[in-house]
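Please keep the sequence and the structure in view while reading.

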Amino acid sequence: MERHGIIKTSCIVFVLIASVSCINDKKSIELKKDIKKHIATPAFDSDSAYVYIQQQVQFGPRVPNSLAHENCYNYLVDNLKRFGANVQTQNESVKRYDGLQMNMKNIVASFNKNHYKRILLCAHWDSRFTADNDFDDVDKPILGANDGGSGVGVLLEIARQISLNPIDLGVDIIFFDVEDQGQPN
């Protein structure tokens with residue numbers, strides 16, 4: 001008889017715990033739905049991103065030490081500052097695999113610099129000094145519209161959207177340099 005009472009009590013306790021757990025799950029689901037309703041997704045203008053890509057390509061190949069590289073660097077920094085980012089540049093002289101000294105410029109743009117919660121978005125902005133995967137122009141630099149230009153174009157548009165619609169989140173955007181200067185093939 002005592003054993004039957006313990007089993008009955010255990011079953012009642014189990015049912016109560018399961019019921020409370022289900023109630024908490026329902027509240028948790030409702031809370032998650034409520035949170036999703038309050039998170040605004042910024043717009044993204046693909047035409048604007050394409051213009052940013054086009055502008056980079058118009059400078060010509062963005063190979064370190066070139067005029068196109070310097071002009072594009074100024075363009076990127078000016079736009080990021082115009083969008084309200086705190087912009088810093090990491091300058092360094094680095095050697096390419098063949099010994100050529102290159103002036104590297106990583107560009108770091110921060111939005112909501114003091115915000116604790118942060119995300120990091122990255123792309124490289126330089127273009128390849130040689131078209132080593134091409135059959136015809138293997139010794140010529142590439143424009144890098146898709147490799148380099150597209151990632152930067154997307155991130156510039158995100159930066160523009162942040163400037164138009166401020167968010168309650170820290171965002172760091174880094175444009176890495178000399179990423180495309182490795183050994184051929």
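## Overall make-up

The protein, seen here as a predicted model, contains four helices and four strands, and when these elements are read along the sequence they follow the pattern α-α-α-β-β-β-α-β. Of its 185 residues, 34% count as buried.

Contacts can also be sorted by how far apart their partners lie in the sequence. Among those that join residues at least 6 apart in sequence, 71% join residues at least 24 apart.

## How H2 packs on H3

Helix H2, which covers residues 46-58, packs against H3 at an angle of about 150 degrees, and the axes of the two helices are 9 Å apart. Because an angle over 145 degrees counts as roughly antiparallel, H2 is described as roughly antiparallel to H3. The crossing in which H2 passes H3 is right-handed.

On the H2 side the contact is made by Tyr52, Gln55 and Gln56, while H3 contributes Cys72, Tyr75, Asn79 and Arg82.

## How H3 packs on H4

The axes of H3 and H4 come within 10 Å and cross at roughly 20 degrees. Since angles under 35 degrees count as roughly parallel, H3 is roughly parallel to H4, and the crossing of these two helices is left-handed.

Here Tyr75, Leu76, Asn79 and Leu80 in H3 meet Val152, Leu156 and Ala159 in H4. The residues of this contact divide into six nonpolar, one polar and no charged. Tyr75 and Asn79 of H3 take part in the contact with H4, and both are also listed in the contact with H2.

## The largest nonpolar core

Which residues touch the most other members of the largest nonpolar core? In this core of 23 residues, they are Leu76, Leu80, Ile107, Leu156 and Phe175. Helix H3 (67-82), strand E2 (101-111), helix H4 (145-164) and strand E4 (170-176) each supply at least two residues of the core, and the largest share, six residues, comes from H3.

Leaving aside its neighbours within four places in sequence, Ile107 is in contact with Tyr73, Leu76, Val77, Leu80, Val87, Gln88, Trp125, Ile173, Ile174 and Phe175. Among these partners are Leu76, Leu80 and Phe175, which, like Ile107, belong to the residues that touch the most other core members.

Methods
Residues are numbered from 1 along each chain as its sequence is written. This is a predicted model: local features need pLDDT of at least 70, side-chain atom pairs count only at pLDDT 80 or more; totals for chains, interfaces and linings use all residues. Side-chain values use heavy atoms; hydrogens and water are left out. A nonpolar core is a set of buried Ala, Val, Leu, Ile, Met, Phe, Trp, Tyr and Cys residues joined through side-chain atoms within 4.5 Å. Buried means under 20% relative accessible area, exposed over 50%, partly exposed in between (1.4 Å probe, protein chains only). Contact means heavy atoms within 4.5 Å. Axes are lines fitted to C-alpha atoms, for helices over the stretch in contact, and angles run from 0 to 180 degrees between N-to-C directions. Angles under 35 degrees count as roughly parallel, over 145 as roughly antiparallel, 65 to 115 as roughly perpendicular and the rest as oblique. A crossing is left-handed if the near helix is turned anticlockwise from the far one by less than a right angle, and right-handed if clockwise. Ala, Val, Leu, Ile, Met, Phe, Trp, Tyr, Cys and Pro count as nonpolar, Asp, Glu, Lys and Arg as charged, and the others, Gly among them, as polar.
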